[in-house]
Amino acid sequence: MPPLTGSPPSGTGKPSRRLRGAVAALLSGALAAFLLLVSSPGPARADQTALRAADPSVIRVGATYVSVQSTGGGIAVRQAASTAALAAAPARQVWSDTRDRGEVWAPEIVRDGGRYYIYFTAGRGAAHRMYVISSTTADSGYTAETKLALPDDKWAIDGALFTFEGQRWFVWSGWAGDTNVEQNLYIARMSSPTAPTGARYVISQPRESWERVVGDPFINEGPEPIKGPNGQLHIAYSANGSWSDQYCLADLRLRAGGDPTYVWDWYKSNGCLFGSHRATMMAGWDPTLHVDGPGHHSFVLLDGDIATSPPAGPRFPLMFHAVAKGTPYSWENRHWYTGTFCWWGGTTYSRANVPGPTSDTGWSLKFFE
């Protein structure tokens, strides 16, 4: 900036108005720069919890945070006054695999009509299917497991229930057929929290180059619904193999007035929105500084209900799993992390060689360590 000029008027001993103005401008600029620095949505320190686990599912019920995880051959619930305190909270086993269902993966908790529902995957190999248990109390009194009668009865994992525009829906990751070729995202209507109805519809397949860096199979999984500030439906999901540090989060955005069952009404982000490799990130989104392979997240909504999705503005709670940078990437080294997210407006998702408009502009998501 130009040098300060001017001298005090004779006998006053005070700076001139010009000097005072220049100093004020300098201080104002410095303050503005400082505020920009402290409020900048750049990456911050990753908050690793003491939970060495994957696939966090966390909701808020009043002032209490409720989490669910697969552990000890079953499912456990924790309750705490904050997301950071969940790791130290006692884990209460609410379901055990007494019928030898097999591997228990990625339980997801939601509250619907005053009742808690936990959806989880159980099975071995090609037999993995979705199951549900329910209770009026978060950490006790759950029913025996019931297999969800999803349309076509194919391999299914990572299911989540939500309500959009008065209709219950279920979204999950699954196979088109009976062999492990690729994991797609599917959606189906629900007539109740436990009863699918009608057909299943594919809404995403891992066909973009940035979500095919690591495969065999190529993967779209961990779908988490949320509603944007303008009411549009989003499903953030995990791409690339979870056994790799290329694991990342991306976004599906349903066009305004679109049909959730029509694949071409969904627009996909043009790259990862939360990942650890710059080459796969969407333009304008930066890779992580402190963790590798962030994925399978939880938006930490009130009751798990997307009707309570946060508005545009400050950051909001986020849970995700990842591996600390400098640590060998493996399933065993995954921890739960507390992070934040916010809405990012005016973001265009583009596509080519498909029916319908080639681009859609609206809200996207920024994720922070």
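1. Of the 369 residues in the protein chain of this predicted model, buried residues make up 52%. The chain exposes about 15,900 Å², and carbon and sulfur atoms supply 53% of that area.

2. The secondary structure of the chain comes to 1 helix and 21 strands. When contacts between residues at least 6 apart in sequence are considered, 52% of them join residues that are at least 24 apart.

3. One part of the chain that a reader may wish to trace is an open sheet of 4 strands, which has the order S2-S3-S4-S5 and antiparallel pairing. Its edge strands are S2 (57–61) and S5 (92–96), each of which pairs on one side only. Neighbouring strands of this sheet are turned against each other by 25 degrees on average, with direction ignored. As background, strands of a sheet pair through backbone hydrogen bonds, and the pairing is either parallel or antiparallel.

4. Within this sheet, strand S3 (residues 64–71) pairs with strand S4 (residues 74–80) in the antiparallel sense, over 7 bridges.

5. Leaving aside residues up to four places away in sequence, Ser-67 touches Ser-57, Val-58, Ala-76, Val-77, Arg-78, Leu-86 and Trp-336.

Technical notes. Residues are numbered from 1 along each chain as its sequence is written. This is a predicted model: local features need pLDDT of at least 70, side-chain atom pairs count only at pLDDT 80 or more; totals for chains, interfaces and linings use all residues. Side-chain values use heavy atoms; hydrogens and water are left out. Two strands pair if DSSP finds at least two bridges between them. Helices (H or I, at least four residues) and strands (E, at least two) are DSSP runs, numbered from the N terminus. Axes are lines fitted to C-alpha atoms, for helices over the stretch in contact, and angles run from 0 to 180 degrees between N-to-C directions. Buried means under 20% relative accessible area, exposed over 50%, partly exposed in between (1.4 Å probe, protein chains only). Contact means heavy atoms within 4.5 Å. Accessible areas come from the Shrake-Rupley method with a 1.4 Å probe; for residues, only the protein chains shown count as cover.
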